[in-house]
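Dear colleague,

Please find the structure below, followed by an account of what was found in it. I would be grateful if you could read the two side by side.

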Amino acid sequence: MASLYTHQDENISKTWVLMSLFFVVVIAIGWYFSYALGNSYILYGAVIFSVVMNVLSYWYSDKIVLKMAGARPVAREENRELYNIVENLSITSGLPMPKLFIIDDPAPNAFATGRDKEHAVVAVTSGILSILDKNELEGVLAHELSHIGNRDILLSTAVVVLVGFVILLSDFFLRMSFWGGGHRDNRASGVLVIIGIVLAILSPIIATLIQLAISRKREFLADASGALLTRYPEGLASALEKIGKYGRPMARANNATAHLFIANPFGGTGKKISKLFMTHPPTEDRVKALRDMA
């Protein structure tokens, strides 16, 4: 029977599978162009690039995410209530106290990141602090701590680097197809053009599908785990309703990091988008599941 521990083990396995797949694909691409262009240094470069990107995705992806989101560290003296809530929830859940960050943005949202529970970060927007009451904020923070406890954060954060790579790869192929065309035969140049155009068209879909490799069920599981932690499912349910009603996007909404947030940073509940391409379950479904628990 599946359990929380099964989910945690699956997250670790998925992380290594994604990193290994990334490593193999980049080297395969490097080998092809090394062969097509008769330049062995391209293959060496691909190997080095794969290793560097995997190291970055493991050790530094959380810092990259925080920078992309415009998050800044918050001191206890700046927001004692936020610190006290997270500290109490951390003690209750048996987790180390994560570092806290604030994103100066009126759109209500939050996310957790980091490579493990000892190096975890929880970031909240100024908007979520202003519109939620204490019980609702506690529900949101319990949800984010559940992502840490469920070992979602490394997988989710590493995906940001891989999604960014897919987007950069499409741009790379397009540029390679037009730079120095006289130094390669027409066949190799033609292949570069075709691959570049295909990736440029498909990269948003590929990026979303990579994000969905981590599965939307992680949000339902974090909702349920968070509700059990606070023993008050209505707090998170009410918070999700308020966040969903806000509707407007975050200033730094980004496709690469969208799946990290508790709600879609582009605004809305996602009802008009096919579920296949949603990074979050519909808000209505999440609220219903929480109230069914109550």
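This is a predicted model: local features need pLDDT of at least 70, side-chain atom pairs count only at pLDDT 80 or more; totals for chains, interfaces and linings use all residues.

Residues are numbered from 1 along each chain as its sequence is written, and side-chain values use heavy atoms, with hydrogens and water left out.

The patch covers about 890 Å² and consists of Phe23, Val24, Val47, Ile48, Val51, Val52, Val55, Leu56, Trp59, Tyr60 and Ile64. Patches are made of residues with over 30% relative accessible area and no salt bridge; nonpolar side chains (Val, Leu, Ile, Met, Phe, Trp, Tyr) are joined within 5 Å, and like charges within 9 Å. At least two patch residues come from each of helix H1 (4–37) and helix H2 (40–59). Helices (H or I, at least four residues) and strands (E, at least two) are DSSP runs, numbered from the N terminus. Phe23 lies in helix H1 and is partly exposed, with a relative accessible area of 30%. Here buried means under 20% relative accessible area, exposed over 50%, and partly exposed in between (1.4 Å probe, protein chains only).

As for the chain overall, it has eleven helices and four strands, and 48% of its 294 residues are buried. Its accessible surface comes to about 14,600 Å², with 62% belonging to carbon and sulfur atoms; accessible areas come from the Shrake-Rupley method with a 1.4 Å probe, and for residues only the protein chains shown count as cover. Of the contacts (heavy atoms within 4.5 Å) between residues at least 6 apart in sequence, 68% join residues at least 24 apart.

The whole structure holds ten salt bridges, each a side-chain nitrogen of Lys or Arg within 4 Å of a carboxyl oxygen of Asp or Glu. One of them joins Asp104 and Arg72 at 3.0 Å, N to O. Asp104 lies in the loop between strand S2 (99–103) and strand S3 (110–113) and Arg72 in strand S1 (residues 71–73), so this pair ties together parts that are 32 residues apart in sequence. Asp104 is exposed at 52% relative accessibility, while Arg72 is partly exposed at 30%.

Another salt bridge pairs Lys288 with Asp292, also at 3.0 Å, N to O. These two residues are four apart in helix H11 (residues 283–293), which separates them by about one helical turn. Both Lys288 and Asp292 are exposed.

By contrast, Arg218 and Glu219 are both buried, and their salt bridge has its closest N and O atoms 2.9 Å apart. Arg218 and Glu219 belong to a network of salt bridges together with Asp223 and Arg286. Arg218, Glu219 and Asp223 are among the buried residues of H9. After H9 comes Arg231, with a positive phi near 60 degrees.

Finally, which side chain of opposite charge is nearest to Glu144? It is Arg218, 6.7 Å away, and Glu144 is buried without a salt bridge; Lys and Arg count as positive and Asp and Glu as negative, with His and the chain ends not counted. Glu144 sits in helix H6 (residues 134–149) and touches Ala110, Phe111, Ala112, Val122 and Ile262, leaving aside residues up to four places away in sequence.

With kind regards
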